[in-house]
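Here is a short briefing to read with the model open beside you. Please take a look at the structure first, then follow the notes topic by topic.

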Amino acid sequence: MRAKLLSVVGSAVALAVVLSAFFLVRPEVLLRRGEEPLGLGQVAAGQPFAGKPAGEDIPRVAGAEEFMAKYDFQPFTLEPLDAIPTGVYELARWRSATQVVGRRTRNYARVTTSSIWAMTGYNQYYLLQFPDGTYALGLLDQGLARRISRGEAVTLPVCTRAGVETAARPYLADLCARYGADPQNVVYAFDDEWYREHTLSLVLLRLAAAGGAVLVCGLVYGVGGELLKGKKKT
């Protein structure tokens, strides 16, 4: 009975580890390592800029008023004092809301408040605190948001002022009112084009991470089984 219980618990833990390895690993950090910062000259030349590493001459925004004065085609960056998770997730803008799987068409909701469902390709809205203490909504990599919330000094990639997904606004209204943030505009710090081009690579790397987790769990399970057999003999 005890062996069966340990087997069930071990299987559940192993499944959780494998799923975490697939959904929580961020291979984009590895793929984009060493990417050159983007300067204003390259932006003026018409190169896509949102989500690229920010060069020294990219304007730094210090507050919400300055952010709201930006046009949607003007590059800027900022060094947030805090990144507060809202619990509201938007389908990644480089993904289609409709996907064909086999012979079935699957429709994804534009917005979700489920952190579990959000693992399938959603980005969370954060409340970013500007250096002057004001706030704005932000869509940025969760790894950067965690570093900011831990108090690290982080300069965001090149950003643009973008619109908030219409379906997300009702969920964000109260938080925006509480923090004085505009509910219709967001600091957008993702490189949509890069993610579209590297979709397959990201999936393969996540599968590799999940495969590695399977091997580790198998080894732990095997060693644990041998130790358990040894104890029984003793």
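The side chain of Thr77 reaches the backbone oxygen of Pro157 at 3.5 Å, a polar contact (a pair of N or O atoms within 3.5 Å; within protein, one must be able to donate a hydrogen and the other to accept it, and residues adjacent in sequence count only if both atoms are side-chain atoms). This is a predicted model, where local features need pLDDT of at least 70 and side-chain atom pairs count only at pLDDT 80 or more, while totals for chains, interfaces and linings use all residues. Residues are numbered from 1 along each chain as its sequence is written, and side-chain values use heavy atoms, leaving out hydrogens and water.

**Around Thr77**
- Thr77 lies in the loop between helix H4 (64–68) and strand S1 (82–91); helices (H or I, at least four residues) and strands (E, at least two) are DSSP runs, numbered from the N terminus.
- With a relative accessible area of 0%, Thr77 is buried (buried means under 20% relative accessible area, exposed over 50%, partly exposed in between; 1.4 Å probe, protein chains only).
- Thr77 and Cys159 are 82 residues apart in sequence, yet 5.4 Å apart in space, C-alpha to C-alpha.
- Not counting residues up to four places away in sequence, Thr77 touches residues including Ala54, Ile58, Leu156 and Cys159 (contact means heavy atoms within 4.5 Å).

**The sheet and its helices**
- Six strands form an open sheet with mixed pairing, in the order S4-S1-S5-S6-S8-S7 (two strands pair if DSSP finds at least two bridges between them).
- Strand S4 (111–112) and strand S7 (160–163) stand at the edges with a single partner strand each, so one side of each has no neighbour in the sheet.
- Helix H5 (residues 142–149) packs on the sheet, touching S1 and strand S5 (122–129), and its direction makes about 155° with that of S1 (axes are lines fitted to C-alpha atoms, for helices over the stretch in contact, and angles run from 0 to 180 degrees between N-to-C directions).
- Helix H6 (residues 169–179) lies across S1, S4, S5 and S6, at about 160° to S1.

**Aromatic rings**
- The structure holds 10 aromatic pairs (rings of Phe, Tyr and Trp, its six-membered ring, pair if their centres lie within 6.5 Å; planes under 30 degrees apart count as stacked, over 60 as edge-to-face and the rest as tilted).
- One of them is Trp194 with Tyr195, edge-to-face at 5.2 Å centre to centre and 85° between the planes.
- Ring pairs link Trp94, Tyr188, Phe190, Trp194 and Tyr195 into a cluster.
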